[in-house]
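Try each task before you read its solution.

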Amino acid sequence: MASAIEVRNLRKVFDGTPALDGVSLTVPAGAVFGLVGPNGCGKSTLVSHLCGVMRPTSGDVFVLGEKVFENPSVKARIACVPSEPYFIGSESADGMADFYRAVFPGFDLARYFELEKHFEIDHTKPLRKLSRGMRAQAAIWLALSIRADVLLLDEPMDGIDPLARRRMWRLVLDDVAERGLTVLVTSHNLRELEGVCDHLGIMDKGTMREEVDLSQPSEGVAKVQVVLPEGAVLPAGLSVIQQSNEGRVLTLLVRGSAGEVRETLAALHPSYLEVLPLSLEERFICELGGDDDGIM
Ligand SMILES: Nc1ncnc2c1ncn2[C@@H]1O[C@H](COP(=O)(O)OP(=O)(O)OP(=O)(O)O)[C@@H](O)[C@H]1O
């Protein structure tokens, strides 16, 4: 699969301090890539480079195969929803739609009107007079009307209520399925990302600590539920990260492949043994050292 976004060894230094310290990243076309990491690790700075509004100190940022900084033809194919959307003066959604039409050749007015029913927004009211969540919805509405090839979402759902979030994500994912839209989204909400992302990038202190293809099973950690015979004890060699029990049902997070862990536990002749899928949160915590060290 071709990559829609390719970042190579990107550095950005502010006042002598690196905000990005050699970030590399590949986002396949049509992927939904979640970018997570603690406050200040560089997510928004990376997004600003992907939008082409920030000049790298060094390194390369390619979007849709071209360097993006000061490249209007590529920027016209990228829609960006920043964490604090900016709207001109007292413009309404309709006014911003007119502005976007002038800036983005792909802006689809018919699509804009078609999407209106999904957003309970008075399209004639100045956007600055709307609530925070409504402004965030308006930014997504406008971004989806651009018919971009790449959609960058920087904590887009902050302030949006849960039902509206589901509607927003449905619309975004429909575009992914129907048009092969590529999405990069930053968020602190792993549960939300779990339902939508197929790739995850974990940033820390200006670096990309790990890239995970979520369609592939986790190699390093297995989650199992097991009911052991009375008196049986877990083998000493089993590297248990987390353990909980409900009655006689033990739920374990164990280092190792699912096959190995299953084999080890099967030797104890359990009355019940099942390997379960790892949640994103479990995978995230386990693959990054086994303790919850405040990544989010
Ligand atoms: N324009 C700027 N001038 C100076 N420093 C900046 C600028 N923009 C960002 N930084 C610094 O770069 C670092 C990364 O900030 P960034 O906003 O990219 O983090 P983030 O991962 O998006 O954080 P959060 O999760 O809080 O949104 C921070 O230390 C921040 O203070």
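**Exercise 1. Locate the annotated domain and describe its span.**
UniProt, in an unreviewed entry, lists "domain: ABC transporter" at residues 5-230. Its positions follow the numbering used here, names are shortened, and annotations may be inferred rather than shown by experiment. Residues are numbered from 1 along each chain as its sequence is written. The model is predicted: local features need pLDDT of at least 70, side-chain atom pairs count only at pLDDT 80 or more, and totals for chains, interfaces and linings use all residues. Now the span. The end C-alpha atoms of residues 5-230 lie 54 Å apart. Helix makes up 31% of the span and strand 31%.

**Exercise 2. Divide the protein chain into domains.**
Domain 1 covers 3-213, and domain 2 covers 221-277. These bounds come from an automatic or database domain assignment. Next, take the centres over C-alpha atoms: 41 Å separate them.

**Exercise 3. Count the helices and strands of the protein chain.**
There are 9 helices and 14 strands. Both are DSSP runs, numbered from the N terminus: helices are H or I with at least four residues, strands are E with at least two.

**Exercise 4. List the residues around the ligand and sort them by class.**
Start with the list: F14, D15, A19, G37, N39, G40, C41, G42, K43, S44 and T45. Each has its C-beta atom, placed from the backbone, within 6 Å of the ligand. Then find the top contributor. Helix α1 (residues 43-50) gives the most to this shell, with 3 residues. Finally, sort: 3 are nonpolar, 6 polar and 2 charged. Here Ala, Val, Leu, Ile, Met, Phe, Trp, Tyr, Cys and Pro count as nonpolar, Asp, Glu, Lys and Arg as charged, and the others, Gly among them, as polar.
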